[in-house]
Amino acid sequence: MNIVLIGYGTIASALMPNLLTEFGRDIKSLKVIDPCGAKKPSAEFVSPVTWVAESITRDNLEELLCDLDAESFVVNLSVDVSSVALVSLCQKKGARYIDTCIEPWAGHYVNADAEPAERTNYALRETMLALKSQCQNGPTAVVAHGANPGLVSHFVKQALLNLRSDIFGVSQPIPQTRQQWAKLCADLGVKTIHIAEHDTQIAKLPKRPGEFVNTWSIDGFIGEGCQPAELGWGTHELSFPPEGQRHTTGCNSAIYLNRPGASVRLRTWTPAFGPCLGFLITHNESISLSDYLTCFDNGQATYRPTVNYAYHPCNDAVLSIHELSGCSWNSQPDKRILHGRDIAFGGDYLGVLIMGHEKNAYWFGSYLENAVAQKHNAESSATSLQVVAGVVSGMKWAINNPHCGIVEAEEMDFNFILDSARPYLGEMLGEYTDWSPIGEDKGLFAISRSDKWQFKNFME
């Protein structure tokens, strides 16, 4: 296997030693394409690493990747490089592929001439789906498969099975089709699903003014934070957000707000400290999961849960977002990514909060402490290693299923993925809670108590 690693940032440096552990004997060559040039990885490979100090653009894409073939596996961990262009080239060359999100070319997110709908993840996914329809049985290309998007879609399936066991108390076969999964979700009475993440990692050196601090890609976070807020839109919703907009083409499973996602905060819950406020950051899984879990009757959607990402980043990143917003979304001059050695303590609670069923709400996911992550790689933070878990498990699945064309997380074997990812995920937790977005107040939110899981009740 000839691995081509595109981009060498936080996630790639955390992945590198695990590539050796997981695939070392099968790796014939490793090429890294990154504009910053050669960097010393934290593990030695049997074969030398070839470093190409270039940024991939529309003009040099085919030249830089001219040697791709059926023995190649492209691992795309870059920003500002079109995922659709890369996947299209890999399909032509017979190479396998994986990425952690569907990226556009540089400038797309901040293009003032583009309509907000064009800058959404919904639009990016629809472009990928159009290519997918042309690539049946081609070399496997796993798209949007890191921690989230990626692993969280498999968390949802396991959480639904856990709920079925606890609520119905009967042993039934595992659903095999998307309609069977959608029917299970509907039968359970699920109204809303949050990808509910709380990063509790504390930096040894606090954030300074004029500095953006984060536990993973800063450019990636700012890019998605400045995109319009997006969410899968459920059939139980009774009122439409004032700033909400619908799409006029595609699967129609999602809507967007005419505001940057990092400016919208939602009430959510995780086992970290219970209730918290998360940013409504756009993510591919909000759209793909809501699409996948839709029930249809004669072509009409009869059931769909509301699905969205509610992200509480580390405290320094919260302060960074606040400062970024105050600067009219113009990035700070300094950026600092926290690697494992830069973190005093804490971890990342990454999971899914399933709400509206008989037991109220259920969170299922991974709690990974930074100290545990560093045992895999001293450079890793808990956050970056959770993404590595998605990449490694997705690569293993693609190797075992080499001719599936373009696939999303929901189409993969969730048991295989979770088994492959588990060594990187720390403690797997499942917790019920009686929390709801309207709390216990008898007056302030009384008007909304007829359905406490309405999206408007989650808005701050």
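Select H4 and H8 together, and you will see that H4 passes H8 in a right-handed crossing, the near helix being turned clockwise from the far one by less than a right angle. The model is predicted, with local features needing pLDDT of at least 70 and side-chain atom pairs counting only at pLDDT 80 or more, while totals for chains, interfaces and linings use all residues. Residues are numbered from 1 along each chain as its sequence is written, and side-chain values use heavy atoms, with hydrogens and water left out.

Helix H4 covers residues 121-132 and helix H8 residues 284-292, and their axes come within 9 Å and cross at roughly 60 degrees; axes are lines fitted to C-alpha atoms over the stretch in contact, and angles run from 0 to 180 degrees between N-to-C directions. Helices are DSSP runs (H or I, at least four residues), numbered from the N terminus. Show side chains for Asn121, Tyr122 and Arg125 of H4 and for Asn284, Ile287, Ser288 and Asp291 of H8, which make the contact (heavy atoms within 4.5 Å).

Among the residues in contact are Trp397 of H11 and Phe416 of H12.

Finally, select helix H3 (residues 83-93), where the buried residues (under 20% relative accessible area, 1.4 Å probe, protein chains only) include Leu86 and Cys90. H3 is followed by glycine 94, whose phi is positive, near 85 degrees.

Definitions and conventions. Helix = DSSP H or I, 4+ residues; strand = E, 2+ residues; numbered from the N terminus. Buried < 20%, exposed > 50% of the residue type's maximum accessible area, 1.4 Å probe, protein only.
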